[in-house]
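Visitor: I would like to learn how to read packed helices and paired strands in a model. Could you take me through them slowly?

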Amino acid sequence: FNEYRTILVTGGAGFIGSNFIPFYLKNNSNVRIINLDKLTYAGNLDNLKEVANDSRHLFVQGDICNKELVNKIFEEYNIDGIVHFAAESHVDNSIEDPQNFIKTNIEGTFVLLEAARKYWMNSPFQVRKGMEHARFHHISTDEVFGSLGATGYFTEDSSYAPNSPYSASKASSDFLVRSYFHTYGLNVVTSNCSNNYGLKQHDEKLIPTIIRKALNEEEIPIYGNGSNIRDWLYVMDHCKGISKVFQKGRSGETYVLGGNNELSSLKISKEVCVILDNHVPKSKGSYLEQITFVSDRPGHDFRYAIDSSKIKNELGWFPKESLDSGLERTVSWYVDKYRKGRK
Ligand code: NAD
């Protein structure tokens, strides 16, 4: 699948998309990317400075739910690949107000699938001439599988049991993507990954919040008793995995990607505080003293963990970044950002 010409990346001004685009352009000289992003509160064009002068990156501000716009992009640019990141992504927001999650995550995915069907297929299982390689890659989350107990791992065969409006909306979109493979023969792949961390993540998320609150000498809020466990995947490892699945994954298949870094929210907060203590020590005491427990998130899943054997065996992908070095790099980037007052 190395012959992609024009890939539509959705949500490319967000955290993962904006790490993916420069990486993918650098490693694939034969592609150009149309980046369709609505620039919601979570999108930030500053995330794309590395490709600001790259003629192979074209930014279009717009909504994936806008069918006319999506169709126009397909026609104008002859899109023959999609990497679909755009989503409302913050669980807490989905609890406060789920509406946008239903709209963007479900309807938006539907609009993109319909455009792919219209421009890539003549009829079910009849691909248009010249579009044989065209592929739709759907980016999703391990949260669709619900919560694990103290043991076990999610695999591609885990059953779906989403517990938040966010994960339910992502689960719905996964099912839609799956159905377009089985019903129309559309060339789709889906990847479900664990919690990403790294540069350019929105301030609202856990690790940036810990760093920001620590530096502002505010309380660092941790849900419940801090025992909920997440698996942390460095965003660039994720981007490399996406690239493999997009180019070499088997059509109609799902791949789960994890970081092999299971940590409770209390433990990751402590790790971040210790890095901060070493690099930007307080005049007195430790950042650890700012950690405070707050009431738990409703429907809070206890544990996520991933067995990435399938992608390792089939595509040779495994996470390479150690948590120590990934966190060091992340903390240092945010310290610089918050110190300089960057957005
Ligand atoms: P993000 O919130 O940082 O970025 C989302 C981007 O999508 C933003 O730039 C936003 O402007 C854009 N967007 C939102 N609604 C849109 C719409 N209607 N039309 C066009 N653009 C729109 O999210 P992220 O963390 O980069 O996540 C990207 C994808 O990866 C999502 O699908 C998410 O479900 C999935 N995912 C994320 C993680 C994680 O830890 N961040 C883990 C697993 C899966």
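Guide: α2 and α4 are oblique to each other, a word used for angles that are not under 35 degrees (roughly parallel), over 145 (roughly antiparallel) or 65 to 115 (roughly perpendicular). This is a predicted model, in which local features need pLDDT of at least 70, side-chain atom pairs count only at pLDDT 80 or more, and totals for chains, interfaces and linings use all residues. Residues are numbered from 1 along each chain as its sequence is written.

Visitor: At what angle do α2 and α4 pack, and how far apart are their axes?

Guide: Two packed helices are described by the angle between their axes and the distance between the axes. Here helix α2 (residues 67–77) and helix α4 (residues 99–120) pack at about 40°, with axes 10 Å apart; the axes are lines fitted to C-alpha atoms over the stretch in contact, and angles run from 0 to 180 degrees between N-to-C directions. Helices are DSSP runs of H or I with at least four residues, and strands are runs of E with at least two, numbered from the N terminus.

Visitor: Which residues make the contact?

Guide: Lys67, Val70, Asn71 and Phe74 of α2 meet Val111, Leu112, Ala115 and Tyr119 of α4, where contact requires C-beta atoms, placed from the backbone, within 7 Å.

Visitor: In what order do the strands of the open sheet lie?

Guide: Strands of a sheet pair through backbone hydrogen bonds, either parallel or antiparallel. The three strands of this open sheet run in the order β9-β11-β13, with mixed pairing, and two strands pair if DSSP finds at least two bridges between them. The edge strands, each pairing on one side only, are β9 (195–197) and β13 (262–264). Strand β11 (residues 229–234) pairs with β13 in the antiparallel sense over three bridges, and Ile229 stands opposite Ser264 in β13.

Note on methods
Contact = placed C-beta atoms within 7 Å.
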